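Please examine the sequence and structure shown below.

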Amino acid sequence: MRIVIAGGHGQIALRLERLLSARGEEVAGIIRKPEQAAELRAAGADPVLLDLESAPVEEVAAVLRGADAAVFAAGAGPASGNARKETVDKGAAVLFADAAVRAGVRRFVVVSSMGADPSRTGDDTFDIYQRAKGEADAYVTAQDALDWTILRPGSLTDEPGTGLVRLAAHTGRGPVARDDVAAVLADLVESSSTAGLTLELIQGSTPVAVAVKAVAGN
């Protein structure tokens with residue numbers, strides 16, 4: 001498979017790139033800064049320099065053309081201003097989805113946020129973030145040309161992954177290691193069996209592969 005990851009230098013994305021490349025997949029990661037390229041190569045991914053806040057849709061589609069799957073794992077980050085919640089967490093996700101449709105890439109996985117809600121009110125940074133994520137999710141899920149899956153992890157930690165998770169439409173809040181988020185994504189992206197599902201993810205007691213199979217088609 002050839003898999004293109006938006007936000008290729010992110011903490012989850014780098015973990016995902018390592019996992020997928022170790023499985024023998026061809027992985028490309030979209031980055032904004034040339035100095036990030038070495039880390040992607042070390043993770044086994046081909047770096048692609050592209051700014052998803054300003055690139056035209058056809059330029060993004062050119063990167064995606066011929067791919068078997070696309071993963072949107074980009075985010076403005078907690079230190080960014082409110083405006084970038086709109087341009088990255090929402091705008092870049094919409095652009096990436098449009099480009100995938102144009103390129104004919106059906107399998108499309110989004111790393112979202114637990115509590116993402118397009119109707120969320122409030123002007124605090126977290127409200128704006130959750131609203132932007134929710135609006136992006138709503139846009140993606142309305143695309144009939146995409147076999148989408150939305151993954152909404154709980155509170156992210158850098159603890160070593162356990163390989164044990166709870167994955168369901170509704171899990172309740174809880175922590176989850178970035179290692180385990182990447183492991184779930186690696187299984188999700190390689191199959192369209194969870195297409196059409198929005199899933200929450202926290203640490204749990206079920207092995208990743210079993211958890212993914214259990215929700216498939218439900």
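The points below concern the surroundings of Arg 107 and the pairing of strand β10.

This is a predicted model, in which local features need pLDDT of at least 70 and side-chain atom pairs count only at pLDDT 80 or more, while totals for chains, interfaces and linings use all residues. Residues are numbered from 1 along each chain as its sequence is written, and side-chain values use heavy atoms, with hydrogens and water left out.

**Arg 107**

- Arg 107 lies in strand β5, residues 107-111 (strands are DSSP runs of E, at least two residues, numbered from the N terminus).
- Arg 107 is buried (under 20% relative accessible area, 1.4 Å probe, protein chains only).
- Arg 107 has no salt bridge (a side-chain nitrogen of Lys or Arg within 4 Å of a carboxyl oxygen of Asp or Glu); the nearest side chain of opposite charge, Asp 147, is 6.6 Å away.
- The Arg 107 side chain does reach the backbone oxygen of Asp 147, at 2.7 Å.
- A polar contact (N or O atoms within 3.5 Å, one able to donate a hydrogen and the other to accept it) joins the side chains of Arg 107 and Thr 149 at 3.0 Å.
- Beyond its neighbours within four places in sequence, Arg 107 is in contact with residues including Asp 68, Trp 148, Leu 188 and Thr 194 (heavy atoms within 4.5 Å).

**Strand β10**

- Strand β6, residues 147-153, pairs with β10 in the parallel sense over 5 bridges (pairing requires at least two DSSP bridges); Arg 152 has Glu 200 of β10 as its bridge partner.
- Strand β8, residues 164-168, pairs with β10 in the antiparallel sense over 4 bridges, and Ile 202 in β10 is the bridge partner of Arg 166.

Definitions and conventions:
Buried means under 20% relative accessible area, exposed over 50%, partly exposed in between (1.4 Å probe, protein chains only). Lys and Arg count as positive and Asp and Glu as negative; His and the chain ends are not counted.
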